[in-house]
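Look over the model, then read the points below.

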Amino acid sequence: MFSAEQSCWFVRKVICWRAAASIAWAVLLLPPTTAVFVFLGRFSLLHPIQTISECLSLIANASAIFSLILLCGVILMVGFLNLKYYTVIPTIACSKIALLGQLLHPRQFLNSLAHCIMGVIVAWCCAITVGGRYETLGYPCKQSDGSPQMCLNEYHLLLLLAGAFVGFSHSLLGVIYNMNYVSFHTVQQYKYLRFKGSLPLVVKCSATQALYSVRNYIVVYLFLGYIPRAWICKTLNLQLNSSAHPLDTIAGLLDLSLLYHLWICATFLLLTWYITLLLFRIFVTEVYSFPVQSSFTEDAHQCLPNVLTDKQPIILKFLALQDLALLSQHSPSRRSEVFSLSQPGGHPHNWNAISKECLSLLADLTQRLVNYHDTVATNGRAKSLSTGSERKTSSETSVISGTDDLMSPRPTLLMKTPASVFTRSIAGSPASPLTAPFTPDLNSPFASPGLRRLTAPVDQYSPWHGSVQSPHIMRRAPKLWSTSTDSQANGSIPPSPPSVPNAKQDYKPSLLAQFLQNRKEQLPEASSQALFADSQAHIWALEGLSYLVEASFSEDHFGVVQTALPSILSSMLVLQEAVDRHFKLPHASSKPVRSTSSMGDSTYKTLRFALRATLKTAIYRITTTFGDHLNAVQMSAEHRKRLQQFLEYKE
């Protein structure tokens, strides 16, 4: 395989330059955005001409120029954080306590602190540009005896703290709504058109989120505003003007001009950050064309067949799969390179590498779905009993014959979902599997209590203690999402269990234990989303394979695709069977409502539906092209029967 230096060529030569270009455009858009903010901040309905003259005079002001330089520095920092923490596979918390763990992570604490500091800097720049009563933190005043002193300008302090609060809120919402998630658009557009189409949504999200943040900030400052005010006065040796009305009161905060300026400043802060994020998403997901083959060995690691096998960085693999899907559909010349034979030797190395990696992706997702379904079955659904042995299929490995299952005690079964081929590496830490959000881990503090009971020894006072009394009775295990306190994983139950001691019956968990246990419950919708979090790669693999197979009917002169056609069809049919079984589970077929009031990309919530549609379309694409010729393809009787449904358009 290639060295780490060769694997990181894409980050150095492509990703970093794309991020730099997005930051440069965000900096270039900062002056017009600031000009609009200054006009709205200084606008006076009664004196419009005076407002225009003040805005024009502010351009040559040294403080305004210095504020613009500071804003450019903030944009650079926001762009760096976007590059540092972006991901193409979202992190989905499958329980409320897991989400709380993400919010309390030390890395998130540093991220929130950085956003608070940047929020204060932006708020200070806003106070300088708006001017008036917000311009300085202290102003000269007189004591009751007439001696001069410096008093605290609470309006300036209120604006600075508002910037810190909005920055902190933005940091928390970034974790909740997965704002660092970068998705790939299905329809390819020019960067300008994408930015132009998304700009109204960015303005709307900025204004809406600023309104909610100001509302929350006003409530917090009403009750806790005296704490930072007293600390600032003591630290900077400032006095409170007794003649000025304090702002941590209802009368002080019910100032329409103050509320308007708070909202305008918060909107400007979020707008500049959201524009930077939008430009980064547009630039980093731009299509990249990889060469299919190279004449020079030193450039072999940059060719598409070799790039597809790289695990890190993940963005490289995603862009390679996207390029594969596009070339298989729109580029006959590059398809001919995929179907070509090596010289000398006459081996289809390009096709073998591409098809092997795509089939590996499909097999990995199939195995994940099968193991997930088995976990659901063993942790919640009583399996049907039969007197004879049941036939096992490739995807129904969880069905066990009733006779053999009851003749011997069932061992404790704890299925762990296998890791995805994609692994995540953050800040040099060891790679963690993608499926960690829904993989049972008994050592984790966020592990489900039901899974701990499955592996815990059975209490001797429990009614399930002892040997099996009847081979015809099987206890129904607790449901997957159940929090029942009497769940065990001990196979079957006696027909008449002994009475439980009163000490066990009278036991009631505390309110704190009930609260934590409710937060540990896995959310079924989130578990299904986490299972398909990286399905965009599988969608491109399905599209690439199906379009290449379709084109091979007339373009593959050497027949290199026909040798892999049985395995391709079998992999797709097995995956479709696993997907159909998953959609029969509760909450798997319910489509979530997309939120339009946040900059968080929620396309990952519907990836499973896109995968199911793409899979069925891919099989139909092959069956429509080859027709009755597929009857000569070797496959199992079950797969042939299922394939016949597609040939007859009955699926």
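Tyr134 is buried, at 3% relative accessible area (buried is under 20%, exposed over 50%, partly exposed in between, with a 1.4 Å probe and protein chains only). The model is predicted: local features need pLDDT of at least 70, side-chain atom pairs count only at pLDDT 80 or more, and totals for chains, interfaces and linings use all residues. Residues are numbered from 1 along each chain as its sequence is written, and side-chain values use heavy atoms, without hydrogens and water.

**Aromatic pairs**
- The structure holds 18 aromatic pairs (Phe, Tyr or Trp rings, the six-membered one for Trp, with centres within 6.5 Å; planes under 30 degrees apart are stacked, over 60 edge-to-face, the rest tilted).
- Tyr134 and Tyr155 pair edge-to-face, 6.2 Å centre to centre with 90° between the planes.
- Tyr134 sits in the loop between α7 (106–130) and β1 (138–142), and Tyr155 in helix α8 (residues 154–176), 21 residues apart (helices are DSSP runs of H or I, at least four residues; strands are E, at least two; both are numbered from the N terminus).
- Tyr155 is partly exposed, at 22%.
- Phe165 and Tyr217 form a tilted pair, 5.6 Å centre to centre with 45° between the planes.
- Phe165 is in α8 and Tyr217 in α9 (residues 191–224), so this pair ties together parts 52 residues apart in sequence.
- Tyr217 is buried, at 5%.

**Charges over rings**
- Arg612 lies over the face of Phe583, 4.0 Å from the ring centre (CZ of Arg or NZ of Lys within 6 Å of the centre and within 35 degrees of the ring normal).
- Arg621 lies over the face of Tyr547, at 3.8 Å.
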